[in-house]
Amino acid sequence: MSASLTLVIVMAVMYAAGVYVMLERSLTRVLIGFLLVGNATNLLIFIMSGRPGNSPIVTGTAADAAMADPVPQVLMLTAIVINFGITALILALIYRSWWLARLGDEGDTLTDEHAAETFASTEESFRSVTEDEAASQEDLDASERGTEHEHQHGHTGERGDPANAPGEGMNR
């Protein structure tokens, strides 16, 4: 295998710069360091993948001997996806820290939206919900009684056709 000396040097510089930048306290610099280390890892996999060859399609002929190994390509794709996930996580952390820094002394505390409410107003809210549920139940009971009444007396829909009776058309 003949690896390009230029690629090896670029990879080493990217690893060194990435680790150095990641040691800073700023999250933006940590992000830049992770990006550098991730790209250096892709270069390492590329350098170690060996000589180029034919597409990795097995045909059962003598041309299969010059076939390239597909594993380094899969490893590079995996490294790219992992690098993207870490980048998204660090960007979310950067945004959250920026948001908290903007709030200042207030920080992560939330104002109590319900501080002015009293026990009586809370009970009144629950009482109105209970009354609404009772009214809804009465309506449901009345509609069920009306349906039972229609079936007992043989009520049909419009023009005397049983298919037009309420609920009868869906039973077909």
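Predicted model: local features only at pLDDT ≥ 70, side-chain atom pairs only at ≥ 80, totals over all residues.
Colleague: Where do I start? How many helices and strands does the protein have?

Modeller: Start with the secondary structure. This protein has four helices and zero strands. Along the sequence, the pattern reads α-α-α-α.

Colleague: Next, the inside. What share of the residues is buried?

Modeller: Of the 172 residues in the protein, 14% are buried.

Colleague: Which residues form the largest nonpolar core?

Modeller: The general idea comes before the case. In soluble globular proteins, nonpolar side chains tend to be buried together. Here, the largest nonpolar core has five residues: Met11, Met14, Ala40, Leu43 and Ile47. The most comes from α2, with three residues.

Colleague: Take Leu43. Which residues is Leu43 in contact with, leaving aside neighbours within four places in sequence?

Modeller: Leu43 touches Leu7, Val10, Met11 and Met14.

Colleague: And contacts across the whole protein?

Modeller: Look at how far apart the partners are in sequence. Take the contacts with a separation of 6 or more: 47% of them join residues 24 or more positions apart.

Colleague: Which residues form a nonpolar patch on the surface?

Modeller: Leu5, Val8, Ile9 and Val13 do, with about 360 Å² of accessible area together. Val13 lies in helix α1.

Colleague: Why is Val13 called exposed?

Modeller: Check the cut-off. Exposed means over 50% relative accessible area. Val13 has 51%, so Val13 counts as exposed.

Definitions and conventions:
Residues numbered from 1 in each chain as written. Heavy atoms only, no water. Core = buried A, V, L, I, M, F, W, Y, C linked by side-chain atoms within 4.5 Å. Buried < 20%, exposed > 50% of the residue type's maximum accessible area, 1.4 Å probe, protein only. Helix = DSSP H or I, 4+ residues; strand = E, 2+ residues; numbered from the N terminus. Contact = heavy atoms within 4.5 Å. Patch = residues over 30% accessible without salt bridge, like charges linked within 9 Å, V, L, I, M, F, W, Y side chains within 5 Å. Areas by Shrake-Rupley, 256 points an atom, 1.4 Å probe, with all protein chains shown as cover. Salt bridge = Lys/Arg side-chain N within 4 Å of Asp/Glu carboxyl O.
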